[in-house]
Amino acid sequence: MTTSVTHDGRPASGLVTKDITPRIATEIRADKQTLLSGAHAGRIRELLEQRGVLVFPQIGFTDDEQVAFTQTLGTIAREVSGEEVYNVTLDPKVSQTADYLKGSLYWHIDGTMSEVPILASLLSSKVAPEAGGDTEFCNTYAAYENLPDREKREIESLRVMHSAWNTLFYYDPEPRIEMLRRMMAIGDQELPLVWTHRSGRKSLILGATARHIIDMDFKKSAELLVQLRDWATQPQFVYRHKWTVGDLVIWDNTGTMHRATPYDAKSGRLLHRTKLQGEEPFA
């Protein structure tokens with residue numbers, strides 16, 4: 001901890017941290033120079049794994065600064081189209097993938113179609129809407145750890161088929177066949193329900209891409225997946241971030257789920273995202 005602060009209340013050097021809730025999310029205050037130096041990258045990564053979500057209130061990074069900060073934490077992951085910074089918005093005038101982002105309104109983990117999911121995402125707020133558009137996160141480590149031992153044993157060896165196209169039916173119950181085929185082309189992947197990480201800790205792999213549990217009756221599968229989602233998204237495991245311009249939020253994509261709360265696509269809401277390359281395959 002440091003007692004030396006700048007004129008706006010930020011620490012002149014080092015990090016000041018404060019847990020926001022007992023089981024998820026920590027606020028970090030530091031000046032830009034401290035964060036961009038990389039001197040505390042190890043501590044930040046440690047906190048990210050422990051707490052799931054890190055909040056840097058109104059740090060006000062430019063795109064170049066956000067990229068530089070991302071690179072202090074690991075290897076930056078580019079988008080499919082090659083860019084390092086991605087516009088997160090439902091406004092089709094700003095993003096060509098706005099329709100696809102409609103799926104972001106439902107609990108999910110990024111990269112369930114990949115063997116190695118991204119490690120983390122970093123979002124900075126450029127335009128905050130007047131209403132809605134918060135981002136919710138749930139800690140899937142804590143959700144697993146707090147399950148009764150009997151339930152842990154029952155789900156330990158279960159495997160789940162994840163499909164990108166499954167998310168389509170959340171926001172478009174009657175899609176045109178062309179859209180369904182485009183989403184199906186993204187792929188499917190069988191994943192464990194319980195991810196045993198290299199650290200030895202375990203987390204749940206759930207969300208809108210989870211279609212069915214392998215070799216289980218369809219109704220029982222749906223019931224169990226919804227039951228576990230409800231468990232993991234209880235208030236004690238959830239942090240909801242209300243954006244103000246300049247905020248930066250990082251989340252551990254391997255140990256959390258997230259979703260945006262509904263907002264008007266014409267509200268101007270705009271977040272800029274960078275990502276860290278994955279370092280651990282799904283077990």
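1. Two strands pair if DSSP finds at least two bridges between them. Strands β1 (residues 16-19) and β2 (residues 26-29) are joined by four bridges and run antiparallel. This is a predicted model. Within the pair, Thr17 has Ile28 of β2 as its bridge partner. Six residues lie between the two strands of the hairpin. Ala25 in this hairpin takes a positive phi near 85°.

2. The annotated span. UniProt, in an unreviewed entry, records the feature "domain: TauD/TfdA-like" at residues 18-274. The C-alpha atoms at the ends of residues 18-274 are 24 Å apart. Helix makes up 26% of the span, and strand makes up 26%.

3. Helix α3. This helix covers residues 63-73. Which of its residues are buried? They are Gln66, Val67, Phe69, Thr70 and Leu73. Viewed down the axis of α3, the buried residues fall within an arc of 165°, so they line one face of the helix.

4. Sheet β13-β7-β15. Here three strands make an open sheet, in the order β13-β7-β15, with antiparallel pairing. The edges are β13 (238-241) and β15 (256-260), each pairing on one side only. From one strand to the next, the twist averages 20°. Strand β7 (residues 135-139) is linked to β15 by five bridges, and the two run antiparallel.

5. Sheet β9-β8-β12. This open sheet also has its strands in antiparallel pairing; there are three, ordered β9-β8-β12. Its edge strands are β9 (188-192) and β12 (210-213), and each pairs on one side only. Neighbouring strands are turned by 30° against each other on average, direction ignored. Strand β8 (residues 159-163) pairs with β12 over three bridges, in the antiparallel sense. Opposite His162 stands Ala210 in β12.

6. Helix α8 on that sheet. What packs on the sheet and touches β8 and β12? It is helix α8 (residues 218-232). The direction of α8 makes about 125° with that of β12. Phe218 belongs to α8. Is Phe218 buried or exposed? The relative accessible area of Phe218 is 60%. The cut-off for exposed is over 50%, so Phe218 counts as exposed. Phe218 and Thr34 are 184 residues apart in sequence. In space, their C-alpha atoms are 52 Å apart.

7. His197. Where does this residue lie? His197 is in the loop between β10 (194-196) and β11 (202-204). Its relative accessibility is 4%. Buried means under 20%, so His197 counts as buried despite the loop setting. The side chain of His197 makes a polar contact of 2.8 Å with that of Ser203. A polar contact of 3.5 Å links the side chains of His197 and Glu280. Setting aside neighbours within four places in sequence, His197 is in contact with Tyr141, Lys202, Ser203, Thr254 and Glu280.

Note on methods:
Residues are numbered from 1 along each chain as its sequence is written. This is a predicted model: local features need pLDDT of at least 70, side-chain atom pairs count only at pLDDT 80 or more; totals for chains, interfaces and linings use all residues. Side-chain values use heavy atoms; hydrogens and water are left out. Axes are lines fitted to C-alpha atoms, for helices over the stretch in contact, and angles run from 0 to 180 degrees between N-to-C directions. Contact means heavy atoms within 4.5 Å. UniProt positions are given in the numbering used here, feature names are shortened, and annotations may be inferred rather than shown by experiment. Buried means under 20% relative accessible area, exposed over 50%, partly exposed in between (1.4 Å probe, protein chains only). The arc is that of the directions from the helix axis to the C-beta atoms. A polar contact is a pair of N or O atoms within 3.5 Å; within protein, one must be able to donate a hydrogen and the other to accept it, and residues adjacent in sequence count only if both atoms are side-chain atoms.
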